[in-house]
Amino acid sequence: MPGTRALIFVLTFQICSLETETPTAGCTFEEDGDLNQCEYSQGVEDDFEWELIRSYLLPHLTSDLPHGSYLMVNSSQHNPGQKAQILFQTLSENDTHCLQFSYFMYSRDGHSPGTLNVFVKMNGGPLGSVVWNVSGSHGRQWHQVELAVSMFWPNEYQVLFEAVVSTERHGYLGLDDILLLNYPCSKAPHFSRLGDVEVNAGQNATFQCVAAGKASETERFLMQKQNGVVIPTISVKHISHRRFLATFQLDQVLKGDQDLYRCVTQSSRGSGVSNFAELIVKEPPTPIAPPQLLRAGSTYLIIQLNTNSIIGDGPIVRKEIEYRMTSGPWSEVHAVNMQTYKLWHLDPDTEYEISVLLTRPGDGGTGKPGPPLISRTKCAGKSLHYFVYQENH
């Protein structure tokens, strides 16, 4: 039509496909792979080494094994319980990322070739507990697993893969395509930063682990101590369909429980691993020396608290005097805000036992009474009146 104008809108859509992005590091074990990206080493505390397989170089490869390039363990060539370990390169990623790998476990008679264990070592520390594992025969095919390791600068971690030969000694274990991806895992949840927890000795310590991502209904939640002790969860609360809160409690902790702890999820599809947080156990303070007597009267005692030296941890937020008759069942506690204190309204010529109580912040922060001062009040004074009788003569 004459005089008619048409407006044309052009809409541009950007579609992000995370799965097509190039891994930032990894090992495919192909001969033409990028050797700068693939860094791994055989274990030094194991019994034998993983074998690098390139099927095109093996004209008589058994039909039990898949074609391609990968690492392999033949269980029939080793004794039950023997281990082979391989360490992936040290990682210090500060952004959200995903470590992906594929495993192969197959025996034609259905017996288990062994167990594949995965460990995450932090800052070159001890091996700790397994964060993910699988056993049995799972068909002549590859299975993909994801590790969502939450790590924050300047910490670093290293993943160790361990094959353990079964008692049946039948079949093969394979490992391939260990890839570091610069986007979140889709099969394992990512933990938020886990903070340190400080409590006084004898109290319960609670860690709360918040994670985001997709968790399966069979997801197992646990807490791991750096030395390998595993602690079960007491509750898991789903905040939303992609966010949950796991709570762990350690009962009546002592100084020996002070260590590093982390949260872990486990399912057949992968594992989420948090950073290590420290459990700090403080010892409630106790004076080393008894209070000092400055002056005694018949109804009072003036003492100096003498709290310069203590056993335990500060800071001191409250000071108290606890006193009682040495021969009596009762006791009283008075709050004190000075270094000297006067106990009033005492009985004359009576022995008292006096101790100092110190308190630091937090529940259960009051320590045991310090060494007692044992002191006696003076006798009460008596007034004597003399009457003089004078007889007049």
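This briefing describes strand pairing, aromatic contacts and the nonpolar core of one protein structure. The model is predicted. Its largest nonpolar core holds 40 residues, and domain 1 (25-181) and domain 2 (190-282) both contribute to this core, so it lies between them. The structure also contains 11 aromatic pairs, and an open sheet is built from four strands.

**Nonpolar core**

- Trp50, Phe101, Leu116, Trp132, Val159 and Phe161 are the residues that touch the most other members of the largest nonpolar core.
- Strand β10 (residues 157-165) supplies the largest share of this core, namely five residues.
- In soluble globular proteins, nonpolar side chains tend to be buried together.

**Aromatic pairs**

- Among the 11 aromatic pairs is the one between Tyr103 and Trp132, which is tilted, with 5.7 Å centre to centre and 55° between the planes.
- Tyr103 belongs to strand β6 (residues 98-106) and Trp132 to strand β8 (residues 132-135), so this pair ties together parts that are 29 residues apart in sequence.
- Tyr103 has a relative accessibility of 5% and counts as buried; Trp132 is likewise buried, at 2%.
- Phe104 and Trp142 form a further tilted pair, with 5.6 Å centre to centre and 50° between the planes.
- Because Phe104 lies in strand β6 and Trp142 in the loop between β8 and β9, the pair links parts that are 38 residues apart in sequence.
- Phe104 is buried at 1% relative accessibility, whereas Trp142 is partly exposed, with a relative accessible area of 29%.
- Phe104 and Trp142 also belong to one aromatic cluster together with Tyr70 and Tyr106.

**Charges over rings**

- Arg193 is placed over the face of Phe152, at 4.1 Å from the ring centre.
- Lys342 is placed over the face of Tyr300, at 4.3 Å from the ring centre.

- Strand β9 (residues 143-149) pairs with β20 in the parallel sense over four bridges, and Leu147 stands opposite Ser271 of β20.
- Strand β19 (residues 259-267) pairs with β20 in the antiparallel sense, over four bridges.
- Val264 has Val273 in β20 as its bridge partner.

**The four-stranded open sheet**

- The strand order of this open sheet is β27-β26-β29-β30, with antiparallel pairing.
- Strands β27 (332-336) and β30 (373-376) stand at the edges, each with a single partner strand, so one side of each is left without a neighbour in the sheet.
- On average, neighbouring strands of this sheet are turned by 30° against each other, direction ignored.
- Strand β26 (residues 318-325) pairs with β27 in the antiparallel sense over five bridges.
- His334 in β27 is the bridge partner of Ile321.

Notes: Residues are numbered from 1 along each chain as its sequence is written. This is a predicted model: local features need pLDDT of at least 70, side-chain atom pairs count only at pLDDT 80 or more; totals for chains, interfaces and linings use all residues. Side-chain values use heavy atoms; hydrogens and water are left out. Two strands pair if DSSP finds at least two bridges between them. Helices (H or I, at least four residues) and strands (E, at least two) are DSSP runs, numbered from the N terminus. Axes are lines fitted to C-alpha atoms, for helices over the stretch in contact, and angles run from 0 to 180 degrees between N-to-C directions. Rings of Phe, Tyr and Trp (its six-membered ring) pair if their centres lie within 6.5 Å; planes under 30 degrees apart count as stacked, over 60 as edge-to-face and the rest as tilted. Buried means under 20% relative accessible area, exposed over 50%, partly exposed in between (1.4 Å probe, protein chains only). A charge sits over a ring if NZ of Lys or CZ of Arg is within 6 Å of the ring centre and within 35 degrees of the ring normal. A nonpolar core is a set of buried Ala, Val, Leu, Ile, Met, Phe, Trp, Tyr and Cys residues joined through side-chain atoms within 4.5 Å. Domain bounds come from an automatic or database domain assignment.
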